Structures are given as C-alpha cells and as structure tokens.
Amino acid sequence: MSSSPLIARTVPTLRRAADNLRKRKATIALVPTMGALHDGHVSLVRLAKRRASRVVVSIFVNPTQFAPTEDFGAYPRTWKADIAKLAAEDVDIVWHPDVKAMYPEGFATRIVPEGPALAGLEDRFRPHFFGGVATVVGKLFTQVRPDFAIFGEKDFQQLRVVTQMARDLDLGVKVIGSRTVRERDGLAMSSRNVYLSPEERQTAPILYRAMKESARRIKAGDAIAPAMAGGAEMIEAAGFALDYYEVRHAETLAQVASRKDGPLRILVAAKLGSTRLIDNIAV
C-alpha cells in the first residue's frame with residue numbers, strides 16, 4: 001500500500017528528513033525534476049528505487065535556466081497530479097522549495113560549467129542554460145547529499161554537464177543516465193509536449209524517424225555528412241525549424257569525422273510551431 005511522501009519546503013526540514021534516513025543506514029537516490037511529471041519521470045523514480053533504499057524527488061521550476069523570452073511563467077505545473085504519481089511509487093521525500101528558499105535575498109554564487117557545456121549544441125542557442133542548470137543541481141546535490149542522482153538521457157548534453165560537474169567538484173554523487181521513454185510512435189516524452197497542437201503532435205515523431213534513418217545509414221557505412229543531411233532534409237520538409245542536427249562523440253560531445261571516432265550520438269533540437277523539442281539516440 002502506497003503512502004504519501006514527506007513534503008519538505010525548507011532546507012532545515014529537508015536536512016532533518018535526509019539525516020534521519022542516513023541514520024538508518026539508508027542509501028539515497030535523488031531524482032531532480034521541474035514537475036509536470038509523466039511516465040518518463042516515473043521511469044527515473046523506478047530506476048532510483050533499484051539503485052538506493054530511499055528516494056528523494058525534487059520539484060522546482062528553476063528560473064535561472066530560463067531566458068526572458070522563454071516559457072518560465074507558462075511552464076506546466078501539475079502539483080496534485082505529481083504528488084499522486086509519487087505517492088503511488090512510494091517516494092520517501094519530495095523536496096519542493098520556492099524560489100526564495102533556493103535563491104534567498106543576497107544570493108551571489110553561481111557555477112559556470114565549461115567542457116560539455118560549451119559543445120556548441122544547446123549552449124549555442126541557450127547560452128544562459130547550463131549555468132542555471134549547474135547552479136541549481138549543485139545546490140540540490142549539497143542540500144540532499146544523495147548517493148545517486150538519476151537524470152534522463154533525453155537531455156543528453158545536460159546529463160554530460162551534470163556528470164562532469166559532480167566529478168570535477170568531488171560532490172560524492174554517482175550520476176546515472178536513464179534511457180529516454182517514448183510514446184508508441186517514437187516521440188520522446190516531455191512536459192513540453194502538451195504545447196503541441198493535435199496536428200503538430202502527429203508531425204513530431206518525424207524527429208525520431210529521421211534520427212533512426214541517419215543512424216541506419218551511418219551503421220551501414222555511409223559517410224556522416226550525407227547521412228545527416230538526409231535526416232535534416234526529412235525534418236525540415238515536415239515543417240520544423242531546425243536549430244541543430246548533429247552527430248557527436250557520445251562521451252565528450254566533440255565533433256566527429258567518421259564512425260571510427262568513437263561511440264556516437266545523434267542530437268537534435270527543432271521548433272515545431274511554438275514548441276521546441278530536443279531528442280537524441282545512440283548510433
């Protein structure tokens with residue numbers, strides 16, 4: 001029988017609850033989210049439960065990773081539904097600070113990541129983004145002090161940035177990536193999918209189909225440039241405005257010239273109407 005998680009809204013409450021778990025020799029996994037939870041988030045929680053004896057889920061829509069032109073105010077917030085999902089999964093603690101708790105008056109310290117944060121992918125179009133992500137995730141790690149942290153692979157560059165940060169700053173957290181959960185037609189689950197019109201929702205899976213086709217051609221021995229150009233043409237012909245469609249080294253996100261350059265990952269970001277979608281697959 002599921003029970004409601006403890007909801008912590010201040011750092012002292014969170015610390016007491018997490019310390020009580022550690023006193024009982026519990027291992028803790030953290031699942032950072034911005035809420036509007038879907039089956040992809042549930043899969044992260046289930047992976048967390050397999051890796052640790054206790055699970056903390058954070059729900060915080062982080063203003064520092066949104067530019068003034070982006071959708072912070074409109075970002076979906078579904079608190080009651082989120083808590084029902086987390087209760088059904090027997091989550092132990094929900095960390096739900098407000099902006100003042102996370103960034104109190106006088107807050108003046110930020111993390112500025114480099115390395116994979118400067119790969120020329122998301123950072124090229126959202127230069128503010130990874131500084132906001134690194135700062136808030138760094139705070140979450142020091143607030144919760146988890147043994148593990150679970151992130152989805154859909155935000156692949158973010159996963160690489162957070163992994164690098166945890167390693168570089170000796171934060172004592174093992175960052176684990178979880179495979180992207182998809183709808184039956186291949187569209188990666190995302191809280192922003194609710195912005196798609198019915199017609200756009202029918203078109204959106206072309207991103208996945210294009211990546212699969214480019215990956216098939218690269219595996220078959222085609223050169224990277226024509227294989228990727230073919231996929232880009234599919235995406236743009238469907239009505240997307242393409243930000244990037246690239247194949248990179250799967251660990252470093254460095255540019256590659258051929259399949260021999262290491263494990264590869266195809267990454268895409270494109271706008272369909274007013275909705276920006278990102279996705280990636282392994283080659």
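The following legends describe close-up views of a predicted model.

View 1. Helix 6 comprises 16 residues and spans 22 Å from its first C-alpha to its last, close to the 22 Å expected at 1.5 Å a residue. Of these 16 residues, 14 are buried, so helix 6 is largely enclosed by the rest of the structure. Arg 145 follows helix 6 and has a positive phi, near 50 degrees.

**View 2. The largest nonpolar core, with 33 residues****.** Within this core, the residues with the most contacts are Trp 95, Val 137, Phe 141 and Phe 151. At least two core residues come from each of helix 1 (11-23), strand 2 (28-33), strand 4 (93-95), helix 6, strand 5 (148-152) and helix 7 (156-168). Helix 6 makes the greatest contribution to the core, namely 9 residues.

View 3. The pocket is lined by 14 residues, of which Pro 127, His 128, Phe 130, Gly 131 and Gly 132 are the closest to its centre. Helix 6 (residues 129-144) gives the most to this lining, with 3 residues. By class, the lining of the second largest pocket consists of 7 nonpolar, 4 polar and 3 charged residues.

**View 4. The largest cavity, with about 50 Å³ of space****.** A search of the whole structure finds 1 cavity of 30 Å³ or more. The lining of the largest cavity is formed by Val 31, Thr 33, Leu 37, His 38, His 41, Val 42, Val 45, Val 57, Lys 85, Leu 86 and Glu 89. Strand 2, helix 2 (39-51) and helix 3 (79-88) are the elements that each give two or more residues to this lining. Helix 2 provides the largest share, 3 residues. The lining of the largest cavity divides into 6 nonpolar, 3 polar and 2 charged residues.

**View 5. Ile 206 in helix 9 (residues 206-219)****.** Ile 206 has a relative accessibility of 17% and therefore counts as buried, the cut-off being under 20%. Leaving aside residues up to four places away in sequence, Ile 206 touches Met 234, Ile 235, Ala 238 and Phe 240. Ile 206 and Ile 235 are 29 residues apart along the chain, and their C-alpha atoms are separated by 6.5 Å.

Key: Residues are numbered from 1 along each chain as its sequence is written. This is a predicted model: local features need pLDDT of at least 70, side-chain atom pairs count only at pLDDT 80 or more; totals for chains, interfaces and linings use all residues. Side-chain values use heavy atoms; hydrogens and water are left out. Helices (H or I, at least four residues) and strands (E, at least two) are DSSP runs, numbered from the N terminus. Buried means under 20% relative accessible area, exposed over 50%, partly exposed in between (1.4 Å probe, protein chains only). Contact means heavy atoms within 4.5 Å. On a 1 Å grid over the protein atoms alone, a cavity is a set of points where a 1.4 Å probe fits but cannot get out, and a pocket is an open set with protein on both sides within 12 Å along at least five of seven lines; lining residues have an atom within 4 Å of a point. Ala, Val, Leu, Ile, Met, Phe, Trp, Tyr, Cys and Pro count as nonpolar, Asp, Glu, Lys and Arg as charged, and the others, Gly among them, as polar. A nonpolar core is a set of buried Ala, Val, Leu, Ile, Met, Phe, Trp, Tyr and Cys residues joined through side-chain atoms within 4.5 Å. The expected span of a helix is 1.5 Å times one less than its number of residues. Grid points are joined across faces, edges and corners, and a volume is the space filled by probe spheres set on the points.
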